[in-house]
Structure formats: structure tokens, C-alpha cells
Amino acid sequence: MNLNLLKWKPNWQLRKCCNHDQVIFLISVAVCTVVILVLWRTVLMTPFKLITVFLHEVSHAIACLLTCGKVEGIKVNADEGGVTQTRGGISWLILPAGYLGSSFWGMVLILASTKHLTTQIAAGCFVVALIIVFFLAKNWTLRGLCIGFIVLFAGIWYLQEATPVHMLREVILFTGVMNSLFSVYDIYDDLISRRINTSDAERFADECPCCTGCGWGVIWAFISFTFLCGSVYLALVILSPRA
């Protein structure tokens with residue numbers, strides 16, 4: 001076993017920041033953010049918005065399964081809406097899992113993009129999840145999304161291994177940043193700026209009436225933004241030189 005790896009201690013204070021890898025990471029995050037904001041309302045961003053909705057619904061499904069419920073189906077609609085049909089489980093854990101789960105997966109993808117091996121693992125897990133959800137999907141919008149991203153990741157993986165074109169890390173990072181930004185925006189749009197009586201937050205407010213649906217939306221938005229900031233900080237720690 002590598003003794004240097006055993007002796008490595010995380011640089012939580014980010015001393016001597018920023019080295020070459022950290023600078024490249026920060027520039028990449030900034031470029032992803034600018035591209036996403038500039039193209040936000042264009043059709044080019046629609047597949048990435050739908051993949052965020054996909055992760056939102058998958059997070060509901062995972063929470064349902066972890067609380068001994070049953071997932072009967074998942075839908076993602078072309079209008080960027082979605083629904084997960086569940087039976088049983090613990091509703092006060094399932095309801096917030098959508099927004100907070102998609103933010104969490106965004107953080108995981110951002111962190112995974114810092115290393116070549118973790119990038120490959122993240123891409124592989126993503127493809128496996130897409131294949132599973134393809135068979136659970138209740139509409140062809142979601143099935144088409146699954147097929148499209150499976151083909152995308154397969155093509156980029158092939159280029160990564162067979163040609164000098166290495167884009168897998170950038171695609172994983174872009175997907176993570178997009179997921180984090182869209183999750184925060186979605187919470188604000190659905191739960192804070194306007195109230196939808198059937199939203200997860202309004203239903204959660206019925207379960208936990210200490211806050212209104214809007215109040216829970218504010219709390220969830222803060223947690224989601226914390227995930228985004230935390231992912232950037234932890235990525236810089238990971239990319240710090242070993243002590």
C-alpha cells in the first residue's frame with residue numbers, strides 16, 4: 001500500500017491555494033456556469049434540465065425504497081415536469097427527497113469530476129441508473145432521455161479510451177453544475193416565487209405544519225445552495241497538494 005497515501009491529510013484550510021489543478025477546476029466551474037446561464041432558455045439546455053428532473057424523481061424513488069415502500073412508476077414530461085408513483089414508505093422522508101436529492105447528486109457529480117477514476121465510476125453508475133429507470137419509465141419522454149444520455153456517455157467514453165479527445169470529466173462536471181443550479185432555481189420557481197398547492201413542499205407542510213410550503217421551500221433552497229458551495233469547497237480540498 002502507498003505509504004504517502006496513508007500519510008495524506010486533507011487540507012481543510014486550503015493553504016497555498018490555488019495550484020494548477022484547483023485553478024483549472026475553478027475556471028471549469030465558472031465556464032460551465034456562464035454557458036448554462038447564457039443558454040438557459042434555449043433548446044440546447046432542455047436535455048440537461050430533463051436529466052435534473054430525472055434525478056429529482058429518482059431521488060423520490062430511492063427514498064421510497066429505503067423506507068420500505070414500492071415504486072410503481074416514474075414519469076418525466078417534456079414540459080420539465082415529472083411524477084413518481086409510490087405506495088407506502090415514509091412520506092415525510094420521500095417528499096423532500098426530490099429537491100434535496102437532485103442537489104445532492106449534483107454535488108456528487110461535481111466531486112466525481114475531480115479525478116479520472118471517480119469520473120469513470122460516476123459515468124458508469126449513471127448509465128446503470130438510466131438503464132434501470134428505462135424499464136420503470138411510464139412515458140417515452142423519459143425513455144428517450146435515458147436512451148439519449150446512454151448513447152452520449154457511451155460515445156464520450158469511447159472517445160476517451162480510443163482517441164486523444166478526453167471530455168468525460170467535463171461532461172460529468174457540466175451535468176453536476178447544471179443539476180445544482182437548476183435544483184436551486186426549481187425550488188425558487190416552484191415553491192417560493194409562486195405557490196403550487198400540489199407541490200412537494202405544500203404536501204410536506206401538511207405532514208410537518210411548523211412551516212408553510214413557502215417556508216419549507218426557503219429551507220430547501222438554502223440546503224441546496226449549501227450543497228453547491230460545499231461541493232466546490234470539497235473539490236478544492238481533494239485537489240490540494242498532499243501534505
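Here are a few friendly notes on the aromatic contacts in this predicted model.

1. Some ground rules: residues are numbered from 1 along each chain as its sequence is written, and side-chain values use heavy atoms, with hydrogens and water left out. As the model is predicted, local features need pLDDT of at least 70 and side-chain atom pairs count only at pLDDT 80 or more, while totals for chains, interfaces and linings use all residues.

2. Searching the whole structure gives 15 aromatic pairs (rings of Phe, Tyr and Trp, the last by its six-membered ring, with centres within 6.5 Å; planes under 30 degrees apart are stacked, over 60 edge-to-face, the rest tilted). Trp40 and Phe182 make a tilted pair, at 5.7 Å centre to centre with 40° between the planes. Trp40 sits in the loop between α2 (20-38) and α3 (46-66) and Phe182 in helix α7 (residues 168-192), so this pair ties together parts 142 residues apart in sequence. Helices here are DSSP runs (H or I, at least four residues), numbered from the N terminus.

3. Both partners are buried (under 20% relative accessible area, 1.4 Å probe, protein chains only): Trp40 has 11% and Phe182 has 2%.

4. Phe204 and Trp220 are also a tilted pair, with 5.5 Å between centres and 55° between planes. Phe204 belongs to helix α8 (residues 200-207) and Trp220 to helix α9 (residues 213-238), 16 residues apart. Phe204 and Trp220 are buried too.

5. Do look at the cluster that ring pairs build from Phe48, Phe54, Phe126, Phe149, Phe153 and Phe174.

6. Finally, Arg143 lies over the face of Trp140, 4.7 Å from the ring centre (the criterion is NZ of Lys or CZ of Arg within 6 Å of the ring centre and within 35 degrees of the ring normal).

Terms used: Helices (H or I, at least four residues) and strands (E, at least two) are DSSP runs, numbered from the N terminus. Buried means under 20% relative accessible area, exposed over 50%, partly exposed in between (1.4 Å probe, protein chains only).
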